[in-house]
Amino acid sequence: MFKISDSPPPATLAQMADVLMWPLLVLRTDGTLLHANRAARRLLNARRLLTLRPDRRLGLLPEALQPAFDAALVSAAQGLTAVLNWPPSDGTLSSVGSLSPLGDHRSTPPGSAALLLALAAPEHPDAQVQAYARLHRLSPAETRVLQRLALGDSGTEAAQALGVSASTVRSQVISLRRKTGQASVIKLLRALARMPPVNPQTPPGVQGE
């Protein structure tokens, strides 16, 4: 147990961050990457939203967003929190990130202050659905239906998008409600929205890939 006055060791903090579905990155004020949690490493490997240059400096994708990120680095180095926005593209959801100073930037030598980049979006747009599906042991077909419902599709629209009959979707919705214990689709989606940003399949102590 940690006392309130104690700070968890760095290894413990890294393990705690790895459990989150939300990407978290610790940077220097020049954009050099110091640490990335599991979700952020996956984003970097997939070159989605973020990229890592040969000198280990972080870059934003698409490259047109890089000037906004450079300005955010300057603001965060001065002790301010900056907000970054990724517009939706290729059918994905929009994403928002915040870049904030860690600790008191005034007492830190120039160039060595640490910043926290936190993305308010899972590593994949449907990561929340996938975590919910694993938790309730949904089948792949049921998970696909849930993904369409989460996007706002009606049963008919979900059937068209998935290339199945409306009766098949109705059967899968009944199974979804039974497995999750939800009385209606509305309550099912509300339960999905309340899912904590934690990946239930992340093994404890995972440090890298």
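Me: Which residues have the most contacts inside the largest nonpolar core?

Reply: This is a predicted model, where local features need pLDDT of at least 70, side-chain atom pairs count only at pLDDT 80 or more, and totals for chains, interfaces and linings use all residues. Numbering runs from 1 along each chain as its sequence is written, and side-chain values use heavy atoms, without hydrogens or water. A nonpolar core is a set of buried Ala, Val, Leu, Ile, Met, Phe, Trp, Tyr and Cys residues joined through side-chain atoms within 4.5 Å; buried means under 20% relative accessible area, with a 1.4 Å probe and protein chains only. The largest one has 23 residues, and those with the most contacts inside it are Leu-25, Leu-27, Leu-50, Leu-99 and Leu-117.

Me: Which element gives the largest share of this core?

Reply: Helices (H or I, at least four residues) and strands (E, at least two) are DSSP runs, numbered from the N terminus. Elements giving two or more residues to this core include strand 1 (24-28), helix 2 (38-46) and strand 7 (114-119). The largest share, four residues, comes from helix 3.

Me: Is Asn-37 buried or exposed?

Reply: Asn-37 lies in the loop between strand 2 and helix 2. Its relative accessibility is 0%, so Asn-37 counts as buried.

Me: Which backbone nitrogen does the side chain of Asn-37 reach?

Reply: Beyond neighbours within four places in sequence, Asn-37 is in contact (heavy atoms within 4.5 Å) with residues including Trp-22, Pro-23 and Leu-24. At 3.0 Å, its side chain reaches the backbone nitrogen of Leu-24.

Note on methods
Buried means under 20% relative accessible area, exposed over 50%, partly exposed in between (1.4 Å probe, protein chains only). A polar contact is a pair of N or O atoms within 3.5 Å; within protein, one must be able to donate a hydrogen and the other to accept it, and residues adjacent in sequence count only if both atoms are side-chain atoms.
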